[in-house]
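I opened my notebook for a new structure today and wanted to go through it one piece at a time.

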Amino acid sequence: MLKECLDGLSLVPGDVVLDATAGGGGHSEAILEKISPGGHLIAIDRDPEAAQRVKERLEGAGSEVVVVNDNFRNVDAVLESLGIEGVDGALFDLGVSSFQVDDAQKGFSFIREGPLDMRFDPGKGIPAADVVNTFRQEELADIIFEYGEERHSRRIAAAICDARRRTRISTTKDLAEIVARAAGARYKRYRLHPAARTFQALRIFVNDELDSVEDGVKKALSLLNHSGRICVISFHSLEDRIIKNIFRDASKEGLVKLVNKKPLVPAEEEMVLNPRSRSAKLRVAERTI
Ligand SMILES: C[S@@+](CC[C@H](N)C(=O)[O-])C[C@H]1O[C@@H](n2cnc3c(N)ncnc32)[C@H](O)[C@@H]1O
């Protein structure tokens, strides 16, 4: 939804912009084209490899670019350390990048075999394997239900606990097979992989994603300059609900106006070219005071 984001941000040369989820740097690069000359881009990613990749991609890009490896929930401290008091635009393109899904070592993919890790930053927090092998069955079921909206969470948690009694579950393939055996038949009618919701749940839990989104987006709203715009792309209903509520409350307080009443969804051609975009929703708000 690159074009929709750029239209939503409504940037002009000289603007100061935050890309809170730099990823592969595609949006950052397009933003730079809009704000040059004289613009300033602050690009954040909590994955150190992503931050390094974007740094290399944007080197020599003309306008001033700073790439920071941090969680966007610390955006206030990041901007303060750079001496920036406000931004004219902020973008959050949530979730995982294709680089991360394709890198089996990160453990996000239920299709590629790799260590059961799932941390954006492998230096912080605990890997998914620790959760799966040590949490109590009820805790696992709650995580899978709450963050995966998986209706078969109890059956899946029971299967995980049964399997780990025999041997430690240490790879993505181990887990995907256990989940598929437990719930596969119930997924026959759907296009979704039986392990998709369980993997989503563990990833959200391991990275404390929902609290990060809540903190980061609220802070970004408070850091927007007058008429500055914020665009948030979410990929599942849990994230979208958080954004919807934050924007609704901020609009009731008179802090922002909603640029679109309903979230924008990708054009049909984009959905065909990039199936992952199917569940994307873009919400845009503009600071009014
Ligand atoms: C969908 S990708 C962004 C793709 C990017 N817009 C591009 O053009 O390539 C999401 C990125 O956000 C990062 N991310 C997720 N949660 C984050 C957080 N709380 N703080 C900072 N970065 C985060 C991920 O590491 C990932 O690289």
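**Entry 1: a word I needed.** I call two residues in contact if their C-beta atoms, placed from the backbone, lie within 7 Å. I also noted at once that this is a predicted model.

**Entry 2: α8 and α9.** With that cut-off in hand, I looked up which residues of α8 meet α9. On the α8 side I found Arg 155, Ile 156, Ala 159, Ile 160 and Ala 163. Their partners in α9 are Ile 178, Val 179, Arg 181, Ala 182 and Ala 183. I then sorted the residues of this contact by class and wrote down eight nonpolar, no polar and two charged.

Next I checked how the two helices are placed. Helix α8 covers residues 153–166 and helix α9 covers residues 172–183. Their axes are 9 Å apart, and the packing angle is about 130 degrees.

**Entry 3: α1 and α2.** I moved to helix α1, residues 2–9. The axes of α1 and α2 come within 11 Å and cross at roughly 40 degrees, and this pair is therefore oblique as well. I noted a right-handed crossing where α1 passes α2. From α1, the contact uses Leu 2, Cys 5 and Leu 6. From α2, it uses Gly 26, His 27, Ala 30 and Lys 34. By class I wrote four nonpolar, two polar and one charged for the residues of this contact.

**Entry 4: α2 and α3.** I stayed with α2 and looked at helix α3, residues 48–58. The axes of α2 and α3 come within 10 Å and cross at roughly 35 degrees. This crossing is right-handed. Here Ser 28, Glu 29 and Leu 32 of α2 meet Val 54, Arg 57 and Leu 58 of α3. The tally for this contact is three nonpolar, one polar and two charged.

**Entry 5: around the ligand.** Which residues come nearest to the ligand? I found Thr 21, Gly 23, Gly 24, Gly 26 and Asp 93, out of 21 residues around the ligand. Gly 26 was already in my notes from the contact of α1 with α2. I saw that α2 (26–35), β2 (40–45) and α11 (209–223) each supply at least two residues of the shell. The shell has five nonpolar, 11 polar and five charged residues.

**Entry 6: two backbone spots.** Most residues other than glycine have a negative phi, and most peptide bonds are trans. The bond joining Ser 36 and Pro 37 is a cis peptide bond, with omega about 0 degrees. Pro 37 sits in the loop between α2 and β2. Ser 10 has a positive phi, near 50 degrees. I located Ser 10 in the loop between α1 and β1 (16–19).

**Entry 7: the domains.** Finally I stepped back to the whole chain, which is divided into domain 1 (2–99 + 209–287) and domain 2 (121–206). Their C-alpha centres lie 30 Å apart. How many residues of domain 1 are in contact with domain 2? I wrote down seven, and they touch four residues of domain 2. The domain 1 side of this contact has three nonpolar, one polar and three charged residues.

Methods:
Residues numbered from 1 in each chain as written. Predicted model: local features only at pLDDT ≥ 70, side-chain atom pairs only at ≥ 80, totals over all residues. Near = placed C-beta within 6 Å. Helix = DSSP H or I, 4+ residues; strand = E, 2+ residues; numbered from the N terminus. Nonpolar A, V, L, I, M, F, W, Y, C, P; charged D, E, K, R; others polar. Axes fitted to C-alpha atoms, helices over the stretch in contact; angles between N-to-C directions. Parallel < 35°, antiparallel > 145°, perpendicular 65-115°, else oblique. Left-handed = near helix turned anticlockwise from the far one by under 90°. Domains from an automatic or database assignment.
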